[in-house]
Structure formats: structure tokens, C-alpha cells
Amino acid sequence: MEYKRRDVQKAIILALRNLGGTASRKDIKKEIAESEIDGLDHDKVYFRKKTKNGSYSPFLFDFNFGLKNLEIVGYVEPLQRGQDVILTDSGRSADLTNYPDELQNQKIGAYWNKKNTLRYEKNKAKQNNTEAKEIVESELGNSLDEQDTAEDAWKSQLLEQIKKFSPAKFESFLRLLISKMGVKIDKIKGIKLSGDHGIDGFGYFRSNEFRTSRVAIQCKRYTAGLVGESEIRDFKGTMDSFNAEYGIFVTTSSYTNSAEQIAMQGNRTVTLIDGQELCDLIEKYQLHITPVQTYTLDDYYFEKD
């Protein structure tokens with residue numbers, strides 16, 4: 001598939017409303033993808049277009065332009081680098097049926113016309129092909145959050161590399177990660193690669209001084225497609241044979257809505273970890289990654305319109 005550029009302002013507002021009116025950029029994108037708001041599913045939100053120098057996210061351009069437009073019309077509070085996005089009272093209650101209306105379009109158009117004029121000469125030499133135009137667009141008016149973009153880039157690269165792991169390396173890597181999360185991995189059960197009665201690991205999690213739970217682990221290294229209901233049903237059946245009290249299912253892609261529903265049914269629930277959350281956990285536990293310190297300028301250094 002390939003993501004087609006589009007307006008995502010309504011999707012952002014609806015996601016924020018679902019999340020209680022305040023959320024990080026990362027959580028807004030995740031909510032849009034998981035709830036498939038306005039037809040934007042996981043593949044569209046996280047699609048990356050390959051270039052000669054790497055890859056980039058077309059959706060992220062529309063997302064950040066959408067955020068800026070919502071600030072211009074007063075539906076979100078003034079955006080701050082690295083801070084949560086917050087709905088205003090208007091953003092919480094507005095009827096989005098005819099959004100944006102004529103007056104709102106005029107406000108948005110006036111803002112970007114001014115920015116385009118200021119940036120035109122500076123970027124003129126770069127605008128020789130379509131791809132360059134898309135990249136230049138992201139620089140207009142500080143609409144693109146630099147920290148968000150940098151995080152998106154390295155985590156996308158991380159996920160692509162994990163997808164290239166051999167089955168043995170992937171399962172070993174996931175057992176290491178899950179052990180960092182506090183699960184003591186059993187040295188015998190679930191160690192046989194890709195075929196030990198449907199699980200890839202088994203362990204024990206001590207939640208307090210008196211309770212230890214049995215945990216079954218399943219890993220799916222998908223390069224395309226979503227984990228479906230049948231795979232979660234099969235895993236839950238296998239959990240029973242191991243007498244596991246709950247399960248952890250990890251994939252490099254994501255899950256269908258029916259898979260998520262099945263995971264939460266019954267007494268033995270399954271924690272679902274998708275590719276985006278997998279990258280977040282790797283960051284949290286600093287697993288084979290090297291932090292790099294850098295700095296982002298505060299709004300003090302930027303002129304107010």
C-alpha cells in the first residue's frame with residue numbers, strides 16, 4: 001500500500017476527544033490507527049515512503065499540518081514542543097460536519113500564504129522534484145515537531161531491522177526484552193524455536209510478595225498484515241495446556257479489532273504488544289540502543305505571529 005496525502009484534522013479532533021481532550025502526539029496517532037478514525041488504519045498511519053537517502057512518513061506531514069491548522073482556528077491550545085496537545089472548549093464541542101467552514105479556511109489560508117512567501121526564496125533551489133517539495137513542506141511554519149519526527153525516524157528504522165531478524169534471533173530477543181519487564185523466563189518451557197506447542201516462551205511474574213503468575217509468550221515477526229482473531233484464539237488455547245494465567249503476544253505489526261476483543265475475553269487475558277509499543281519498550285529498557293543527547297530550541301527563540 002501507499003499512503004495518499006489528505007486532510008487529517010477531523011481525525012485528530014476525534015482521537016483527542018476519545019482520549020479525554022489531552023494527549024501526546026504519539027498517543028493521538030496510535031488512537032487514530034487503532035480506532036481507524038476517518039478510514040486511517042495502522043498501515044496508513046505508519047506507512048513509510050522509501051527514498052534514496054532512507055525513508056519518511058507522509059502521514060506525519062499531514063498530521064503536523066493538521067495540528068497547526070487546528071491551532072490557527074482555535075480548536076487546540078497553542079502548541080508547545082514536546083508537550084501534550086490540548087483541546088480548547090471549541091475543539092471539544094464543535095460540530096465537525098462542515099469543518100473547515102469558509103471563515104476557517106480563510107484564516108488557515110492567510111497563515112500559510114504568509115509562511116510560504118517567507119520560505120519561498122530560501123527553499124526555491126530544493127523544489128526541483130515532487131519528493132523534495134514534500135520534504136520542504138514539512139519545514140513551513142514550525143508545523144512539524146522536530147522531536148516527534150526524529151523519534152519517528154529512528155523507531156521506524158528499528159522496527160525495519162527487527163523484521164529482518166531470523167526466527168531464532170527474534171524469539172531470543174523478545175525473551176530478553178520480556179525478562180527486562182520483570183518476567184523470569186523458564187529455561188525449559190517454550191525454548192524450542194517456532195513450534196513448541198504454539199508458544200515462544202514461558203515464565204513467571206511476581207506481582208507482589210505473595211503472588212507469582214505463570215506467563216505464556218508468543219511472538220510473531222510480520223512484515224505485512226495484522227495478527228487476527230484466529231491466532232489469538234489459538235494462543236489462548238495453548239495457554240490452557242501450559243496452565244498459564246495470562247499471556248503476552250508480541251508482533252512487529254498490529255492487531256485486528258476482533259483480535260483485540262478476543263484477547264480481553266475470559267479469565268485468562270492476553271496483553272497485546274504491537275510494533276510501535278515494542279519500540280517504546282526497547283527505548284524504555286535501553287535494549288541494544290545508544291542514547292544520543294541533543295537540544296531543541298524553546299519557543300523563546302521564535303517570533304510570535
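A residue is called buried when its relative accessible area is under 20%, exposed when that area is over 50%, and partly exposed in between, as computed with a 1.4 Å probe on protein chains only. By this definition Lys 155, with a relative accessibility of 6%, is buried, whereas Asp 280, at 21%, counts as partly exposed.

The model is predicted, so that local features need pLDDT of at least 70 and side-chain atom pairs count only at pLDDT 80 or more, while totals for chains, interfaces and linings use all residues. Residues are numbered from 1 along each chain as its sequence is written, and side-chain values use heavy atoms, with hydrogens and water left out.

The structure holds eleven salt bridges, each being a side-chain nitrogen of Lys or Arg within 4 Å of a carboxyl oxygen of Asp or Glu. Three of them are listed here.

| Salt bridge | N to O distance |
|---|---|
| Asp 62 and Arg 5 | 2.8 Å |
| Arg 6 and Asp 38 | 2.6 Å |
| Lys 155 and Asp 280 | 2.5 Å |

Lys 155 belongs to helix 8 (residues 146-163) and Asp 280 to helix 12 (residues 275-284), so that this pair links parts of the chain 125 residues apart; helices are DSSP runs of H or I with at least four residues, numbered from the N terminus. Through salt bridges that share partners, Lys 26, Lys 155, Asp 280 and Glu 283 are joined into one network.

In the pair formed by Asp 62 and Arg 5, Asp 62 lies in helix 4 (residues 58-72) and Arg 5 in the segment before helix 1 (9-18), so the contact ties together parts that are 57 residues apart in sequence. Asp 62 is buried at 8% relative accessibility, while Arg 5 is partly exposed at 30%.

How values were computed: Helices (H or I, at least four residues) and strands (E, at least two) are DSSP runs, numbered from the N terminus.
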